[in-house]
Number of protein chains: 2
Amino acid sequence: MKKFINKPENVENEMLDGIAKMHPEYVRRLDGLDVIVRSEKKKDKVALISGGGSGHEPAHAGYVGYGMLDGAVAGPVFTSPTPDQIYEAVKAVDDGKGTLLVIKNYTGDIMNFDMAAEMASMEGIEVEQVVVNDDVAVKDSLYTTGRRGVAGTVFVHKIAGAAAEEGRSLKEVKEVAEKVIANVRTMGVAISPCTVPAAGKPGFEINDDEMEVGIGIHGEPGTHKEKLTTADEITSHLLECILKDIDFEGSEVAVMINDSGATPLMELYIVGNKVSDILKEKGIKVYKSLVGHYMTSIEMAGFSISLLKLDEELKTLLDAKADTVGFKAL
Amino acid sequence: MKKFINKPENVENEMLDGIAKMHPEYVRRLDGLDVIVRSEKKKDKVALISGGGSGHEPAHAGYVGYGMLDGAVAGPVFTSPTPDQIYEAVKAVDDGKGTLLVIKNYTGDIMNFDMAAEMASMEGIEVEQVVVNDDVAVKDSLYTTGRRGVAGTVFVHKIAGAAAEEGRSLKEVKEVAEKVIANVRTMGVAISPCTVPAAGKPGFEINDDEMEVGIGIHGEPGTHKEKLTTADEITSHLLECILKDIDFEGSEVAVMINDSGATPLMELYIVGNKVSDILKEKGIKVYKSLVGHYMTSIEMAGFSISLLKLDEELKTLLDAKADTVGFKAL
C-alpha cells in the first residue's frame with residue numbers, strides 16, 4: 001500500500017482536522033466528533049445533512065457551505081457513520097425549521113441515519129429523509145437492497161441546498177430532493193481498484209487489459225469484467241444503459257462526468273467529447289456540464305456519467321449561488 | 001498503458017473538443033487550432049494568455065474565463081505549443097490594450113512563446129511576457145535553465161487575471177504578475193510516475209517503498225529517490241525547503257496543495273493538517289488555502305505544496321471574482 005498517510009487508523013481524523021484547519025472561512029469540526037458544519041450556523045432555514053463513509057472526498061464535507069449542506073457526517077473509510085454522530089450533527093445544525101437527511105442507498109447508511117432521525121424526533125426535532133439511488137448498473141448489490149446511491153447525490157445536495165437556502169419549508173425541500181432523485185441516473189466503470197487504508201490491499205483484482213463495468217463507489221467490484229476498449233465505446237455503453245432507464249428524449253439535462261479518483265481530466269474530457277456527440281445526436285440538450293472530482297472512491301481509476309433531467313425549477317436551483325470548498329456556483 | 005482514450009495520437013484534439021463542447025458558456029476552440037479562448041471576447045482590457053504542453057489539466061484551458069485567462073494554447077502532452085499557435089491566440093484575444101504571456105520556465109516554452117511575441121510585435125500588437133519559476137527543488141533541470149515553473153503559475157493566472165479584469169495597464173498587470181512570481185515557492189513529491197499516451201510507458205521507475213522527491217510536472221524524475229516515509233515527515237521536508245528559500249516569517253500566505261493527478265483528497269488533507277500545524281508554529285498566518293487539482297501531471301500520484309507571500313494588494317486580487325471551469329471565486 002503506497003499512500004501519503006501517517007497511520008491507517010488515523011486517516012479519517014487527520015483528514016477532518018485538515019479540512020477544518022485549511023478552510024475555517026467555510027467550515028468547522030464539532031469537538032470530539034466526525035462532523036463538519038458551516039463555520040457560521042445559518043439561521044432560519046431548513047438544515048441539510050449528508051454523510052457516509054469517508055473516501056469519497058470532496059463528498060461530503062466539501063459540500064458544506066452556502067447553498068448546499070449544513071453538516072456532513074463522516075464514518076470510517078467506506079463505513080457508515082454511527083447514529084449518535086448523525087444525531088449530534090442534527091442537533092448542531094437544526095434551527096427549528098427541520099432537517100433533511102440526504103442518504104445514499106446503502107444498508108448501513110439507511111439503518112444509521114434512520115436511527116439518528118428517530119433519536120432527533122424524540123427530542124422534538126422534525127427530521128425528514130430522502131434516499132438517493134441513481135446507479136442503473138445494479139438492482140441489488142452486496143451492500144444494498146435496490147439501487148446504489150452514487151455521484152447523482154451531489155445534484156441532490158446542490159438543488160435541495162438551494163431550495164433550503166431560499167427559505168422553502170422542510171416539506172418543499174424534501175419534494176424537490178425527491179424530484180432530483182426521480183430524474184437522475186448514473187453508471188460507472190473502473191480500470192483499477194482502490195485500497196482502503198485499514199485493509200491495506202486493493203478491493204478487487206483486475207488484469208492489465210480489463211475494466212470493471214458498473215462499478216460502485218466503495219471499492220467493490222462492478223457487475224462484470226470486460227476487455228478494456230476505447231473511450232468512445234465505453235462512453236456509448238454507459239450512456240445507453242442510462243438512456244434506456246428513463247426517457248430523456250427531447251429534454252434538457254445536466255451532465256456530470258465524475259472522477260473516481262485517479263483518472264486524468266484529459267480522459268474525462270475525451271469521454272465528454274463523445275457524451276456531447278451522442279446527446280446531440282439524440283436531441284437531448286445539455287444545459288450544464290460538471291466534469292471533475294465530485295464523489296470519489298479514494299484512488300480508483302474510473303469514472304461515472306450522470307444525467308439529470310431538468311425542468312425550469314431544477315435549472316434555477318442548479319444555477320443558484322453556492323459557495324463551498326468542493327462546489328462553487330456564481 | 002491503461003487509459004480511457006481512443007487513439008494516443010488523438011488525445012489532445014479530442015480533449016480540446018470535449019472542453020469546448022461541454023462548457024460553451026465559458027469557452028470556445030479556435031477553428032483548426034489548439035487554442036481555447038473565452039466564448040465571449042472581453043473588450044477593453046489587457047489580454048492574458050498562458051499554455052504549454054497538455055497533461056496539466058485543468059491548466060490551462062480550465063483557467064480561461066472571467067477574472068483569469070483570455071486564451072490558453074495547448075501543445076501535445078508535455079510538449080510546447082508551436083509559435084504559430086501562440087501567435088494565433090494572441091491575435092484572437094488582443095483588444096488593443098496589449099497581451100501578457102504567462103510562461104512556465106521550460107526551455108521549449110520560453111523559445112516558442114518568445115517567437116510568438118516577436119511575430120505579434122511585428123503586427124503591431126504590444127506583447128509582454130513573464131516567466132514563472134517557483135520550484136525550489138532544482139536550480140537547473142533536464143528541460144530548464146534555472147528553476148522550473150510549476151503549480152505556483154495558477155496564482156499568477158488568478159492574480160494577474162484579476163488585475164487585468166479591473167482595467168489595469170499592460171505594464172501594471174505585468175508588474176503584479178512579477179510580484180506573484182517573486183513571492184511564490186513550490187516543491188513536490190511523487191510515489192508513482194505518469195505515462196505520456198504517445199510514449200506508452202511510464203516516465204520513470206520507482207519501487208514500492210520509494211518516493212521521488214523534488215518532482216517536476218512533466219513525468220520527469222525528481223532530484224532523488226528516498227524511502228517513502230509518513231505524510232507528516234514528507235510535509236515537513238517540503239515546507240522546510242520552501243521556507244528556507246525566502247523569508248515567510250510573520251507574513252500572511254496563500255497555501256496551495258496541488259494534486260499531481262491520482263492522489264486522493266483524503267491524503268491532501270492529511271498533508272494539509274500538518275501544513276497548518278507547522279505554519280501556525282512558525283507564526284505564518286494562512287489567509288487562504290487551495291487544495292485539489294490545479295496543475296496536474298496526467299495520472300501521477302504525488303502532490304506539491306506552494307506558498308505565496310501576500311500583501312494587501314495580492315489578497316484583494318486573489319479574492320476577486322473569478323469564474324472559469326477550473327477555478328471559481330465568489
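Chain A of this predicted model falls into two domains, domain 1 covering residues 10-181 and domain 2 covering residues 183-329. Their C-alpha centres are 21 Å apart. Where the two domains of chain A meet, 45 residues of domain 1 and 50 residues of domain 2 are in contact.

The size of an interface is often expressed as the accessible area lost when the parts come together. For domain 1 and domain 2 of chain A, about 3900 Å² is buried between them, and carbon and sulfur atoms account for 67% of it. On the domain 1 side, Phe78(A), Phe155(A) and Lys179(A) provide 17% of the area buried against domain 2 of chain A, more than any other three residues.

Polar and charged pairs also link the domains. Between domain 1 and domain 2 of chain A there are 5 salt bridges and 28 residue pairs in polar contact, counting pairs with both residues at pLDDT 80 or more. Helix H4 (153-165) and helix H5 (170-183) of chain A each contribute at least two residues to the side of domain 1 that touches domain 2. H4(A) gives the most to that side, with 7 residues. By class, this side of domain 1 of chain A consists of 25 nonpolar, 10 polar and 10 charged residues. A salt bridge in chain A joins Arg147(A) and Asp245(A), with 2.6 Å between the closest N and O atoms.

The next level is the pair of chains.

The contact between the chains takes 61 residues from chain A and 61 residues from chain B. Together chain A and chain B bury about 5200 Å², 68% of it on carbon and sulfur atoms. Within chain A, the residues that lose the most area to chain B are Lys2(A), Phe4(A) and Met22(A), together 19% of what that side buries.

Across the interface of chain A and chain B there are 3 salt bridges. Lys21(A) forms a salt bridge with Asp277(B), whose closest N and O atoms are 2.8 Å apart. Helix H7 (residues 265-281) of chain A supplies the largest share of the side that touches chain B, 9 residues. By class, that side of chain A has 31 nonpolar, 15 polar and 15 charged residues.

Technical notes. Residues are numbered from 1 along each chain as its sequence is written. Chains are lettered from A and ligands numbered from 1 in the order in which they are written. This is a predicted model: local features need pLDDT of at least 70, side-chain atom pairs count only at pLDDT 80 or more; totals for chains, interfaces and linings use all residues. Side-chain values use heavy atoms; hydrogens and water are left out. Domain bounds come from an automatic or database domain assignment. Contact means heavy atoms within 4.5 Å. Buried area is the accessible area (1.4 Å probe) that two parts lose on being put together, summed over both. A salt bridge is a side-chain nitrogen of Lys or Arg within 4 Å of a carboxyl oxygen of Asp or Glu. A polar contact is a pair of N or O atoms within 3.5 Å; within protein, one must be able to donate a hydrogen and the other to accept it, and residues adjacent in sequence count only if both atoms are side-chain atoms. Helices (H or I, at least four residues) and strands (E, at least two) are DSSP runs, numbered from the N terminus. Ala, Val, Leu, Ile, Met, Phe, Trp, Tyr, Cys and Pro count as nonpolar, Asp, Glu, Lys and Arg as charged, and the others, Gly among them, as polar.
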